[in-house]
Structures are given as structure tokens and as C-alpha cells.
There are 2 protein chains.
Amino acid sequence: MRPPDTKQRLLDAAEQLFALRGFHATSLRAITQAAEVNLAAVNYHFGSKEALLDAVMARSLGPLNQVRSGRLDEVERDAAAENRAPDLRALWRAFVEPTLSMRRHETGAEHFLSLVGQALAQPHGAVMEVFMRQMTPMFLRLFELTCLALPEMPRQLLFWRMHFAVGSLSHLMRCNDQSPVLPAGITAEIDVDTLTDMLLDYTLAGLEAPR
Amino acid sequence: MRPPDTKQRLLDAAEQLFALRGFHATSLRAITQAAEVNLAAVNYHFGSKEALLDAVMARSLGPLNQVRSGRLDEVERDAAAENRAPDLRALWRAFVEPTLSMRRHETGAEHFLSLVGQALAQPHGAVMEVFMRQMTPMFLRLFELTCLALPEMPRQLLFWRMHFAVGSLSHLMRCNDQSPVLPAGITAEIDVDTLTDMLLDYTLAGLEAPR
DNA sequence: GTCTAAATCAAACGTTTGTTTTAAGCGACT
DNA sequence: AGTCGCTTAAAACAAACGTTTGATTTAGAC
């Protein structure tokens, strides 16, 4: 008998296809065919197509948010130890770096990242809902810490700037593999660390910009 | 007889539903029912579901890009007249302002904007393709002008920073009506001009940030 | 070897999908 | 009146959808 990794194979295939073609545009038949398992396996192991999406999200987002949460703890601890406000760059690095460096460590990470990018795209819908259930606490915490790091900035302003920052990151996540438009003489190939630093430079400048 | 505005009614209904639920998640029956026209009207007037999407995109994107193009012409003309590089803020204002101010003048603009946000979300797929066919020249031109405005910046760096900037804008476009996460004491209500200025402040600071 | 529970399988379920077909309605012209 | 072109209407189409079923196979316990 083939190893009983049917659930794993389904998660991998679904992650890839959901990311590439979208949730609604991907049929269970395409998924089960790619995973080389029976059509009924999805409903047997997960219950429904939507539950499969839920599992795909949770599998990568859970550990990722645990890492992020731990690194935010560090930033808060360092600030408390020295009795000062949290360091803005450390804060956003804690949020951004685990995300972008996924592609270095995890296999299939680019698919997950692209899927998250999609989740943020649809105002309503299954993908968004599943994603937000896990993401909202993280966003709120990042917002409050950012306000602490920039105490002179109005909260309302920082809210919108954080909106912009999240936009940059999510756009980067989904367009990572291939940029839809490449000017002459530009290559999209870049290593993760450089990209992280570039995004941090950009984001911090925007967050701290004078008004 | 009801006025023969069937095409118009279809465009309006499709724009709204595509934006709200996504292209694949929206059926022709839902569209024609919302438009109060016959099911066959879509295929009669447009040829196919995808052609209807194409028409929805073109209807708003064509005029919008014409405005943007004209404003970029202005920026270029001013720069040439004074024999200097284009002004960076004027450049990006020319690109951003017509987009955000759509919601003030056009009805149903928020739906179109949300649809565009979705178009950028899916790496492959119909929406993206239709959108990119009309957008690529505009992006390339904006990139070249930005390079002219910041001649000391490496093109590769500016390419990525422009990527970040587009991400902020597209995220703003689709999350405009309702932010998925609202911290305590924050309201998402804001007037268009203030929002435009905030986005410009943020974006310019990022584009010009030291390395 | 026998039994049991978990996993897989092929097949079919009833719906819904985008599209096509056929017929009818309507205004404008000769 | 009659006929032509354009538009709508209802019905039907094959195909694909997510899901369910009941039988079959597998792995491990006794």
C-alpha cells in the first residue's frame, strides 16, 4: 500500500493549486488528481472543500504566527529591560522576516505566501475569513506596538500607514515568483535577506515620514 | 418596453458582483438576476462571461488610464519646460489621485477598485490577464519617469520600491470600504484628499529612503 | 486465521455551471 | 400588410461541480 500520507499529499496539492488558480477556480478533481488520490479522499479526511482550505491555511499560518509572536515577545522584552519604547525596525523585522524567509526553509512556501496574498484580496469569502480568524490578533498587537514605538504619531495616521505597509508586504508575497511587468534591464531574482532589508527600509521610512 | 440599457445594467451588476464575490464565484445567473435581464443576454451582448469581465474592466480602466496618461504628460511637459527631472510627488500624484478620487465622482467606483485589487491578487487567471493588458504600458512609463526623478537611485532598487508602492495602493483600493481589522478608537472613515496625501507622504518617503 | 476499524476505491448522486437553441416580440421600413 | 433586423424570452444542452454511497482493501490486535 502507498504510504498513508494522503492527507499530506492533499494539503500540498491543494496549497499549490489554490495559490496558483484561486480557491473557486480549483476543483476537487484537479486537487485529487494532482495528489494522486481518490476523489472522495478530501471529504473523507477533511469533510469539505472549505475545510481543506482551512487546514491548508492553519498548517503554515499557525507555526508562522508562533514564530512572529515569539519575536514580538523578544522586542517587547528588550524594550522593557531598557525601559524604553520598542524599536521600530526590530518590530517590523519580527513581523516581516519570518514571512519572507519561509521560502528559504519551507518547501512549497511560495504557494502558501501567494495564497495569503489572495486571502487579502477578496473582501468577503472563505479564504479571507479563514485567514483573518488567525491573523487579527497579530495585526492588533503589531499596531499597538507600532504606536508605542512612535508615540508622537497620531494613532489614526499610524493605522493608515500600517495599512499601506501591510499592502506592500502582501503584494510582495503574491507577486514574488514572477512580477507581472518587468522593465528592460531588470531582473526579479533577488535573495531573501536583501529583499527583507529593502522592504524594511521602505516601510520604516514611510511609517516615520513627517506629515 | 424597458429601456434597452441591458448592456449597461449587465455591466453594473457584473462589476458589483465580481468585486464582491470574485469572478469565479459569481455565476451568470446571479448577474442576470441582479440586472433583471434574461440569462442569455450576457452571451448575446458580450459573447462570454470572460468577455463581460473584459468589458467591465475596459469601461472604467480606459478612461482612468486616459486621465493618468494626460497627467503624466503634464508632469513631463513641466519638467521639460524647466529643463529638470520630473517632480516625484507630482509624478505619483498623477498616478494615485485619479484612482482614489474615482469614488468621489463615479458611481460604483468602489466596486471597480475592489475588482482591480482582486485582479492583482491572482498570479494567473482571467482577471489578471485582462487587467494587465491595459496596465503594463502605464506601469512601465511610471517606472521610467520615477527613475528620471531619482537619478541617483539604482534602477533595481527603484523597481522593488515601486513594487512596494503599487502594493500599498492596490491594498488600499480593495480594503477601502471596510478594513478587516479595526483597532479600538480607530475609524476607517476618511475623506479622499486626506487619504491621498497620506498615501503620497508614505510612498514618497519610501521611494526616497536612504539605503 | 479472524475480526475490526481505518482508509481507499469506483460509481453515482443531485445541482449548478456557461453556453446554445428556438421561438416570440417589437419598431422601422417599403 | 408584410418583412426585415435587433432584442428578449424560455427552454434545453452537455459538462463540471461538490458530495455521498456502498463495496473493497489494508493494517494491526487478539
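Predicted model: local features only at pLDDT ≥ 70, side-chain atom pairs only at ≥ 80, totals over all residues.

User: Which residues meet where H10(A) packs on H10(B)?

Analyst: From H10(A) come A:Tyr202, A:Thr203, A:Ala205 and A:Gly206. They meet B:Tyr202, B:Thr203, B:Ala205 and B:Gly206 of H10(B). By class, that contact has 4 nonpolar, 4 polar and no charged residues. Tyr and Ala count as nonpolar here, and Gly is among the polar ones.

User: What makes B:Asp201 partly exposed?

Analyst: B:Asp201 has 18 other C-beta atoms within 10 Å. A buried residue needs 20 or more, and an exposed one has 12 or fewer. A count of 18 sits in between, so B:Asp201 is partly exposed. This residue lies in helix H10 of chain B. Leaving aside neighbours within four places in sequence, B:Asp201 is in contact with A:Ala209 and A:Arg211. As for B:Arg89, it is 112 residues away from B:Asp201 in sequence, yet the two C-alpha atoms are 8.7 Å apart in space.

User: How do you know that the copies are related as by a two-fold rotation axis?

Analyst: Two copies of a chain are related by a rotation about an axis and a shift along it. Here a rotation of 180°, with 0.0 Å of shift along the axis, superposes chain B on chain A with an RMSD of 0.1 Å. The copies are thus related as by a two-fold rotation axis.

User: And how do you know that they meet through the same surface?

Analyst: Of the interface residues of chain B, 100% are also interface residues in chain A, so the copies meet through the same surface. In numbers, 47 residues of chain B are in contact with 48 residues of chain A. Several helices of chain B give two or more residues to this side, among them H1 (6-21), H7 (109-119) and H8 (126-149). H9(B) gives the most, with 15 residues. By class, the side of chain B that touches chain A has 23 nonpolar, 18 polar and 6 charged residues.

User: Within chain B, what makes H4(B) roughly antiparallel to H5(B)?

Analyst: Helix H4 (residues 49-81) and helix H5 (residues 88-100) of chain B pack at an angle of about 160°. An angle over 145 degrees counts as roughly antiparallel, and that makes H4(B) roughly antiparallel to H5(B). The axes of H4(B) and H5(B) are 9 Å apart, and H4(B) passes H5(B) in a right-handed crossing. The residues that meet include B:Leu64, B:Val67 and B:Leu72 from H4(B), with B:Leu91, B:Ala94 and B:Phe95 from H5(B). This contact of H4(B) with H5(B) divides into 9 nonpolar, 1 polar and 2 charged residues.

User: Why is B:Asn83 called exposed?

Analyst: B:Asn83 has 6 C-beta neighbours inside 10 Å. The cut-off for exposed is 12 or fewer, so B:Asn83 counts as exposed. Its place is in the loop between H4 and H5 of chain B. B:Asn83 also has a positive phi of about 55° although it is not a glycine.

User: To finish, what does chain A look like overall, and how many helices and strands does it have?

Analyst: Chain A has 10 helices and 0 strands. The C-alpha atoms of chain A fill a box of roughly 60 × 45 × 30 Å along the principal axes. Of the 211 residues in chain A, 39% are buried. Among contacts in chain A between residues at least 6 apart in sequence, 69% join residues at least 24 apart.

Technical notes: Residues numbered from 1 in each chain as written. Chains lettered and ligands numbered in written order. Contact = placed C-beta atoms within 7 Å. Helix = DSSP H or I, 4+ residues; strand = E, 2+ residues; numbered from the N terminus. Least-squares fit on C-alpha atoms with pLDDT ≥ 70 in both. Axes fitted to C-alpha atoms, helices over the stretch in contact; angles between N-to-C directions. Parallel < 35°, antiparallel > 145°, perpendicular 65-115°, else oblique. Left-handed = near helix turned anticlockwise from the far one by under 90°.
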